Amino acid sequence: MSRSRIVIAGAGFAGYRAARILSRTVRKHAEVVLLNPTDYFLYLPLLPQVAAGILEPRRVTVSLTGTLPHTRLVLGEAGGVDLDARRVHYTDPEGRAGELDYDTLVLSVGSVSRLLPIPGVAEHARGFRGLPEALYLRDHIVRQLELAAHTDDAEERRARSTFVVVGAGYTGTEVAAHGTMFADAITRHTDGRGVTPRWMLLDIAPRVLPELDERLSRTADRVLRKRGVDVRTGMSVKEARHDGVLLDNGEFVPTRSLIWCVGVRPDPLVADVGLPTERGRLCVDRYLNVPDHPEVFACGDAAAVPDLTRPGQFTPMTAQHAWRQGKTVAHNIAAAFGLGERRAYEHHDRGFAVDLGGTKAAANPFHVPLSGLPAGAVTRGYHLMAMPGNRVRVAADWLLDAVTPRQAVQLGMVRAGSVPLDTASPELVRTPRD
Ligand SMILES: Cc1cc2nc3c(=O)[nH]c(=O)nc-3n(C[C@H](O)[C@H](O)[C@H](O)COP(=O)(O)OP(=O)(O)OC[C@H]3O[C@@H](n4cnc5c(N)ncnc54)[C@H](O)[C@@H]3O)c2cc1C
């Protein structure tokens, strides 16, 4: 009899964890196949530090083949699932079609940037959901400040040195907090031709970090304003143009940089599967099983997982939940092979950590609010512990950043057209073939 096959689509927090556990526990019973467009797991929470030139891009990646020796990696992007035939259709990095039959399927394809129907945003804004966008932003900031320094047109200089971040959740807040430090560091090294970087952070909500504890919001707000970030709450964008942004109060802000951090929506594959969804996320039961399909599981951002600690609600889209859901999925699949008992997913939030750059952070580990240096130390320590690999290199980059100036060079390898906001694949650079 041939071995059973478990296909895991998506090697992020949830899929990577599931593959890591399953490749140990069910190795004798089943082949574990991981389908992912890239050959690495991406530690998304440190992406703002890539955009700010603190971490080199490879630092926030962990090799899949290097760390999952008993898992078969198939490079590709799932494009559809045939539930009756138990088959996943995918496209490989060279555009060739492929298919994988499964006995058990785990859908852990994560999420993509959320768009809002605001004129001009899809054309002029750039998202922040993948490594290509972080690389693009790093280069873009350097380039804009260099161009600002070499123009004699005061208006153009002001527009090029203005950066508008929309969305003050943890992603937008970290991007603005790190971005302002990065831009200041770059201008210190330019020839001082009146370039004064200006960062704006907008959110329709009444406070920054609206989804987190108010004490974290206050800390973040204080740090941002002290650094000169123009924080505008209760405000949104009415229109984006090539030369600036029109705010909903009628003010026009000249800029070449609109960074879209308004949140995420599940990967479009979820809708294509044709199973019931809840706000775009695939419905699962407390065991992370898709109802009426005992062979299909879903977890992470892509799944609407009932939150047993808050009845009637679903678990938020965070790495904290995705990582633990990956473990639950692995246990429940192993249970189907007679290895242990299946268990319901239940996790009490353990607080959050928002890195604000330098020694600053806002954190509430186990709901104890921290700010300043203790928060900074806890946040960085937490990331080092949470990363499944590459810790020494990350720590080395942090050390280097503390003792050497940031490198103000733009390699220009990821251009604006390669990272459209409206994409189902933020992990990939769009090439002319696409
Ligand atoms: C900039 C940023 C900072 C963040 N900071 C934090 C933080 O500090 N703390 C926190 O808790 N959360 C944070 N989050 C949220 C957290 O990263 C996500 O909730 C988490 O990554 C979700 O895990 P996942 O496994 O569902 O998806 P992901 O980790 O996104 O993984 C999805 C995987 O699926 C792959 N994939 C996508 N489509 C397909 C397809 N069609 N076929 C095959 N594979 C596919 C992707 O390439 C990826 O490898 C942050 C998010 C961002 C963007």
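1. Helices (H or I, at least four residues) and strands (E, at least two) are DSSP runs, numbered from the N terminus. The model is predicted: local features need pLDDT of at least 70, side-chain atom pairs count only at pLDDT 80 or more, and totals for chains, interfaces and linings use all residues. Residues are numbered from 1 along each chain as its sequence is written.

2. Helix H1 (13–25), helix H2 (47–51), helix H7 (170–189) and helix H10 (319–336), together with strand E2 (30–36) and strand E6 (77–82), each supply at least two residues of the shell around it. A residue counts as near if its C-beta atom, placed from the backbone, lies within 6 Å. Among the 35 residues of the shell, Gly10, Gly12, Gly110, Gly300 and Ala322 come nearest.

3. The ligand lies between two domains, because domain 1 (4–37 + 76–113 + 265–336) and domain 2 (121–262 + 351–418) both give residues to its shell. The domain bounds come from an automatic or database assignment.

4. Now to an open sheet of five strands, with parallel pairing and the order E11-E18-E12-E13-E14. Strand E11 (125–126) and strand E14 (230–233) each have a single partner strand, so one side of each is left without a neighbour in the sheet. Pairing requires at least two DSSP bridges between strands; strand E12 (162–166) and strand E18 (257–260) are joined by four. One of the residues involved is Val165, whose bridge partner in E18 is Ile259.

5. Lastly, the protein chain overall: it holds 12 helices and 27 strands. Its C-alpha atoms fill a box of roughly 75 × 50 × 40 Å along the principal axes.
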